[in-house]
Amino acid sequence: MIKCYGCKLRVSTVYTPTIAIRHMLCRWCVIKTAADYARHLARLRDVKPRSLAKLYGSNGPTDDQANAHEDQMRDWSRRYRLVSKLYKAALAAQSGGQS
């Protein structure tokens, strides 16, 4: 059993495309079309954590708050980079198939 990076569930196998295997995604987390990835990127942009300045103002965050924010940003960035990479691969496959 492995842990899917996309949905955090334990699955028996990863999806077969090379990029999904490299990023340990289950078949439910791999979207098929570039349009689906674009929608997913838009959803990720909508839920991006706010900046520390907007959250805590001029007082600034405590050390615990800054560490928690850093973890949230790291997780969000990892997800965004992954979906962006899958989006580019889907665009390349889509444009390659139309030639």
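Arg-78 and Asp-75 sit together in helix H4, 3 residues apart, which is about one turn of the helix. Helices here are DSSP runs of H or I with at least four residues, strands are runs of E with at least two, and both are numbered from the N terminus. The two side chains meet in a salt bridge, at 3.0 Å from N to O. By salt bridge we mean a side-chain nitrogen of Lys or Arg within 4 Å of a carboxyl oxygen of Asp or Glu.

Before going on, a word about what you're looking at: this is a predicted model, in which local features need a pLDDT of at least 70 and side-chain atom pairs count only at pLDDT 80 or more, while totals for chains, interfaces and linings use all residues. Residues are numbered from 1 along each chain as its sequence is written, and side-chain values use heavy atoms, with hydrogens and water left out.

Back to Asp-75, which has another partner. Asp-75 also forms a salt bridge with Arg-79, with the closest N and O atoms 3.3 Å apart. That pair, too, lies in helix H4, 4 residues apart and about one turn of the helix. How open to the outside are these residues? Asp-75 is partly exposed at a relative accessible area of 29%, Arg-78 is partly exposed at 23%, and Arg-79 is partly exposed at 26%. For the cut-offs, buried means under 20% relative accessible area, exposed means over 50%, and partly exposed is in between (1.4 Å probe, protein chains only).

Now slide along H4 to Asp-71 and Arg-74. Their side chains meet in a salt bridge of 3.0 Å, N to O, and both residues lie in helix H4 (residues 63-98), 3 residues apart, about one turn of the helix. Asp-71 counts as partly exposed at 44% relative accessibility, and Arg-74 is partly exposed as well, at 48%. Glu-70 joins in here: Glu-70, Asp-71 and Arg-74 are linked in a network of salt bridges. Across the whole structure, a search finds 5 salt bridges.

His-69 is also in helix H4, but His-69 counts as buried, at 10% relative accessibility. What does the His-69 side chain reach? It gets to the backbone oxygen of Arg-50, at 2.7 Å. That makes it a polar contact, meaning a pair of N or O atoms within 3.5 Å; within protein, one atom must be able to donate a hydrogen and the other to accept it, and residues adjacent in sequence count only if both atoms are side-chain atoms. Not counting residues up to four places away in sequence, His-69 touches Pro-49, Arg-50, Ser-51, Leu-52 and Leu-55. Contact here means heavy atoms within 4.5 Å.

Next, helix H2. With 13 residues (34-46) at 1.5 Å a residue, H2 should span 18 Å, and its end C-alpha atoms are 18 Å apart, which agrees. The expected span is 1.5 Å times one less than the number of residues. Which residues of H2 are buried? They are Ala-34, Tyr-37, Leu-41 and Leu-44. These four cover an arc of only 75 degrees around the axis, so they are on the same side of H2. The arc is that of the directions from the helix axis to the C-beta atoms.

Tyr-80, found in helix H4, counts as partly exposed at 22% relative accessibility. Tyr-80 touches Leu-41, Leu-44 and Arg-45, not counting residues up to four places away in sequence. Tyr-80 and Leu-41 are 39 residues apart in sequence and 6.8 Å apart in space, C-alpha to C-alpha. Further along, Ala-90 has its place in helix H4 and is buried, with a relative accessible area of 12%. Leaving aside neighbours within four places in sequence, Ala-90 is in contact with Thr-33, Ala-34 and Tyr-37.

Stepping back to the chain as a whole, it has 4 helices and 2 strands, in the order β-β-α-α-α-α along the sequence. Of the 99 residues, 21% count as buried.

The chain averages a pLDDT of 77, and 65% of the residues score at least 70; pLDDT is the predictor's confidence in each residue, from 0 to 100. Among the elements, helix H1 (residues 18-22) has the lowest mean pLDDT (53), and helix H3 (residues 52-56) the highest (91). Where pLDDT is low, the predicted coordinates should not be read in detail.
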